Amino acid sequence: MIAIGMEGSANKIGVGIIFHPDDGSPPQVLANVRHTYVSPPGEGFLPKDTAIHHRAWVVRLVKNALNEAQVAVADVDCICFTQGPGMGAPLQSVAVAARMMSLLWGKPLVGVNHCVGHIEMGRLITGASNPVVLYVSGGNTQVIAYSSQRYRIFGETLDMAVGNCLDRFARTLHISNDPAPGYNIEQLAKQGKRLVDLPYVVKGMDCSFSGILAAIDGLAATYGLGGEERAREEAENTKAKTSDDSDTPTRADLCFSLQETIYAMLVEITERAMAHVGSKQVLIVGGVGSNERLQEMMGIMARDRGGSVYATDERFCIDNGIMIAQAGILAHKEGLHTSLKDSVCTQRFRTDEVFVKWRD
């Protein structure tokens, strides 16, 4: 059985093709291609511009995926697409392409929850059996555990997502969005040494990041560390200025402090969820999940509890089409399909709304 998956909930459009052998042997990733809309430094990506990008790339990515997988249209069993959550205009662009392919090729549609796609791909790649899931990305922050054919949300952000917090601070510092603002903050944070006090906001099982962003934006303004001019000065140096003995924090110090604070918050609520459900496994999914420091901090906590951390690299952590294909083919095998009438997208598609029929 072969499924093609199409993802376009944010600034990345991805197409993946997965093969599930009939003999029960492990699934095979046949193709996983994507393209990213990169906005200028200091700017975010607007829904309209991102949708235009997706429409320009979707046909060639589908062709590239079919060529890479050496699969013909007749071999495809279902067409899977992200139904939400995400940005409205980009979601609609990919959904229209999926509907068109379904009609032209005569293949069933399967609408996929973006978050469930991350989880199912993470489980497949890492082999984690029944972990507590930390889902962290530009648009979502959730702590999740499976129970009774639902992915239950134990904790989440009360305001903005952790990835959005990182991305917006990257705009403050005028850090490049290529390949991703969060990745570039991570590299700068490795040069930081001084931990600056920032708000630490954990409320039960939930987190809040807006106050942290406001505080660190204020520090950047106070010390003159933000903006295009400061970024240009730093780029002209052969090596970015790192921590010294002065009382003034550097850009690297602020990135270091931001990461240490928000990741400590995520580790705390994840550990509390592990204790609640009695799990010793943590699976980190979503684009922020590829951050090495987050994986390191989570690993320290898990080992102290006699457990382990499962994570993937950027091929599967960052939004991609193969995760949509994997979740979609699992649903397709159980007879779960999406009619054209019901193939509308929603920006608020909760993880726990999905009936996970393929798990016991």
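Reply: Here is a walk through the sheet, its strands and its helices. The model is predicted, so to speak of local features a pLDDT of at least 70 is needed, side-chain atom pairs count only at pLDDT 80 or more, and totals for chains, interfaces and linings use all residues. Residues are numbered from 1 along each chain as its sequence is written, and side-chain values use heavy atoms, with hydrogens and water left out.

Let's start with the sheet: it is open, has 5 strands in the order β8-β7-β6-β11-β12, and its pairing is mixed. Strands here are DSSP E runs of at least two residues, helices are H or I runs of at least four, and both are numbered from the N terminus. Two strands pair if DSSP finds at least two bridges between them. At the edges sit β8 (150-156) and β12 (308-311), each pairing on one side only. On average, neighbouring strands are turned by 25° against each other, direction ignored.

Strand β11 (residues 281-285) runs parallel to β12, and 4 bridges join them. In this pair, V282 stands opposite V309 of β12. Together with helix α9 (residues 292-304), β11 and β12 make a right-handed β-α-β unit; right-handed means that, with the strands pointing away from the viewer, the path from the first strand over the helix to the second runs clockwise.

What packs on the sheet? Helix α3 (residues 114-126) does, touching β6 (132-136), β7 (141-147), β8, β11 and β12, where contact means heavy atoms within 4.5 Å. The direction of α3 makes about 125° with that of β11. Axes are lines fitted to C-alpha atoms, for helices over the stretch in contact, and angles run from 0 to 180 degrees between N-to-C directions.

Helix α3 also meets helix α11 (residues 321-333): their axes come within 8 Å and cross at roughly 90°. That makes the two roughly perpendicular, a label for angles of 65 to 115 degrees. On the α3 side the contact includes H114, V116 and M121, and on the α11 side it includes I322, M323 and L330.

Terms used
Angles under 35 degrees count as roughly parallel, over 145 as roughly antiparallel, 65 to 115 as roughly perpendicular and the rest as oblique.
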